[in-house]
Amino acid sequence: MTAAKSSKRHDRIIIHFDYDCFYASVFEAENPALKSVPLAVQQIIVTCNYEARRRGLHKLQLIHEARQIVPDVVIVLGEDLNRFRDASKALYKFLEAFTWSGKVERLGFDEVFMDVTDIVDFNQSLLNPNDLKNSYFQLQKNDPTVGFAFDSTKIAGHGFANIPQTQPPMPDTNIPTDDHESLMARLILGSHLAQHLRWGLEEQKGYTSTVGISTNKLLSKLVGNLNKPKGQTTLLPPYLVPDDREVESNVTTFIDGHDIGKIPGIGFKMSQKIRNHVLSRPAEFELGLIYGGTKESVTVRDVRLFPGMGPELLEKILGGPGAERGIGGKAWGLINGIDDTEVQQAKKVPTQISIEDSYIRLDTMPQVLKELRILANSLIKRMQVDLLEDDEDDSTTRRWIAHPKTVKISTRPRPPLNSDGTRTRSFNLISRSGPLPNFVFNLKDGVDAIVEKLVQETLIPMFRKLHPYPSGWNLSLVNIGVTNMIETASDDGKGGGRDIGRMFKRQEEVLKEWKVEDRDVPPDTTLEAVTESHGAILTDPSAGNEVSGCTMTGSEDVIPTQTSADEPVEWDDEEDKDENREICHECGATMPAFAMAAHERFHSLET
């Protein structure tokens with residue numbers, strides 16, 4: 001069966017960045033001496049640098065195996081994710097600064113998609129057909145002095161091509177006019193922009209990256225894998241080939257060689273179903289791999305050319321209860337290199353921030369207090385990193401770009417032992433939410449003071465609601481987070497309203513010379529304006545009849561704190577004695593017993 005015909009969009013230019021050995025590179029950036037030694041991260045090797053790979057190590061390898069292969073390997077713990085978040089955020093901001101549309105999407109810590117269609121189209125219109133080898137790439141639309149010189153007759157980096165020798169090359173002296181040549185010119189422009197950014201990441205940030213350039217997210221991600229590390233690859237035309245031509249599309253040629261399980265969007269379970277159908281039996285698995293693997297490779301070409309294969313057959317193979325509607329058509333599109341998903345526009349504010357940790361055994365209140373303090377400390381610091389403006393020097397006057405309104409605590413209790421001594425494995429979480437106290441936004445208080453107050457006044461009471469008894473529970477995980485982000489006002493007008501705090505600050509400066517203060521020292525008689533009217537003494541009319549002795553401040557100068565009585569660590573038997581609450585077994589929500597029937601009705605309407 002021929003490749004899918006519909007929904008093929010090749011009007012975009014998408015660049016995919018994959019930071020080389022990112023987790024290891026973060027440690028190398030902190031300590032450059034690690035670059036020359038074999039380095040591995042975590043108990044199971046989550047990643048390792050290229051020096052370690054050169055000597056035989058690979059990802060998802062056990063530590064004792066790694067030490068046998070490379071005895072002098074340096075193992076560093078990667079449990080503290082803050083260093084990785086900070087590095088990822090810095091690299092993301094660097095790339096985001098080069099976009100015009102703001103379409104920059106981060107995938108995990110170490111991958112970024114950029115839609116650079118607008119900047120490529122603009123620069124294509126600037127090309128001089130009489131001097132393509134001496135072209136200039138303009139990085140800012142309104143400033144032609146910001147940019148770099150390049151040769152627009154050549155791809156930067158590597159290219160994946162299957163162009164017959166009989167096909168004439170793109171002429172040096174004519175701007176391409178047909179779709180094929182126009183796409184080639186735009187991909188050339190995209191490749192030079194990608195190279196400029198890749199070099200900038202290395203020179204200014206110290207991180208190398210592998211880059212792919214194509215017309216959608218799927219193809220750009222896959223083609224970048226061809227030349228690792230520190231390389232970039234562009235998937236060259238032809239992308240679309242008429243049926244009466246003997247030339248095969250480069251998209252088909254490129255994607256056909258991939259194992260079906262390597263296609264983004266076709267997960268492990270989906271690929272296994274497809275593989276088993278093509279083989280007409282279950283595929284044999286490789287032993288010893290942590291996340292499973294198969295001895296038998298079934299390529300995209302095997303699937304595409306399988307008798308009767310198409311959207312309908314894939315729907316039968318992959319469909320069923322719980323499957324995504326139209327999964328067959330989606331999978332068929334991916335097999336043929338079709339991916340119309342948009343690169344998401346950059347978001348200044350995350351939807352939520354959460355911190356969690358897992359435990360072998362957590363079953364006493366002193367342990368819980370210790371862990372809640374550790375998690376709350378990380379959460380407050382994370383909020384200050386992600387939700388505070390970073391362009392002001394004074395840390396006590398930095399402005400919050402968003403206020404989360406809700407705090408949530410979740411735990412994962414271990415089920416009791418079975419009669420035979422085993423324990424059923426459970427991934428069910430129970431949660432409790434409540435309003436986030438305003439004192440967490442007060443930058444004049446230290447982090448430790450805020451953490452202790454948050455733990456004692458908010459998190460411990462919420463924990464007691466989740467676990468009403470002082471003992472008898474054993475937790476394998478605790479998560480605390482904030483959500484329900486409300487963006488604050490901003491100078492560019494893109495926030496949630498006017499910046500009242502800053503307005504009052506400016507007003508104070510403007511009206512400073514007319515400010516009236518209540519003080520014992522008599523004011524200068526030359527400035528005093530006092531008149532008698534019906535026996536009342538009136539100050540300057542601009543002050544009104546009552547003049548406060550305190551300076552007016554904006555709503556964001558010092559956010560008033562919520563106060564509540566200190567609560568004991570031990571459970572109070574009388575606490576909430578009038579509140580009969582139940583936990584929903586469907587979603588883990590806790591609510592009064594009288595509301596549970598309506599809540600269960602809500603779940604029944606969802607199915």
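1. Three bridges join strand β10 to strand β11 (residues 232-235), and the two run parallel. Strands are DSSP runs of E, at least two residues long, and helices are runs of H or I, at least four, numbered from the N terminus. Two strands pair if DSSP finds at least two bridges between them. In β11, Thr234 is the bridge partner of Ile213.

2. A word on the model. It is predicted: local features need pLDDT of at least 70, side-chain atom pairs count only at pLDDT 80 or more, and totals for chains, interfaces and linings use all residues. Residues are numbered from 1 along each chain as its sequence is written, and side-chain values use heavy atoms, with hydrogens and water left out.

3. On its other pairing, β10 meets strand β1 (residues 14-19) in the antiparallel sense, over six bridges. Ile14 has Ser214 as its bridge partner in β10.

4. Strand β10 (residues 209-214) is mostly covered: six of its six residues are buried (under 20% relative accessible area; exposed is over 50%, partly exposed in between; 1.4 Å probe, protein chains only). Ser209, Val211 and Ile213 point one way, and Thr210, Gly212 and Ser214 the other.

5. Now the rings. The structure holds 15 aromatic pairs (Phe, Tyr or Trp six-membered ring centres within 6.5 Å; planes under 30 degrees apart are stacked, over 60 edge-to-face, the rest tilted). Tyr23 and Phe109 form a tilted one, 6.4 Å centre to centre, with 55° between the planes. The two residues are 86 residues apart. Tyr23 is partly exposed at 21%; Phe109 counts as buried at 18%.
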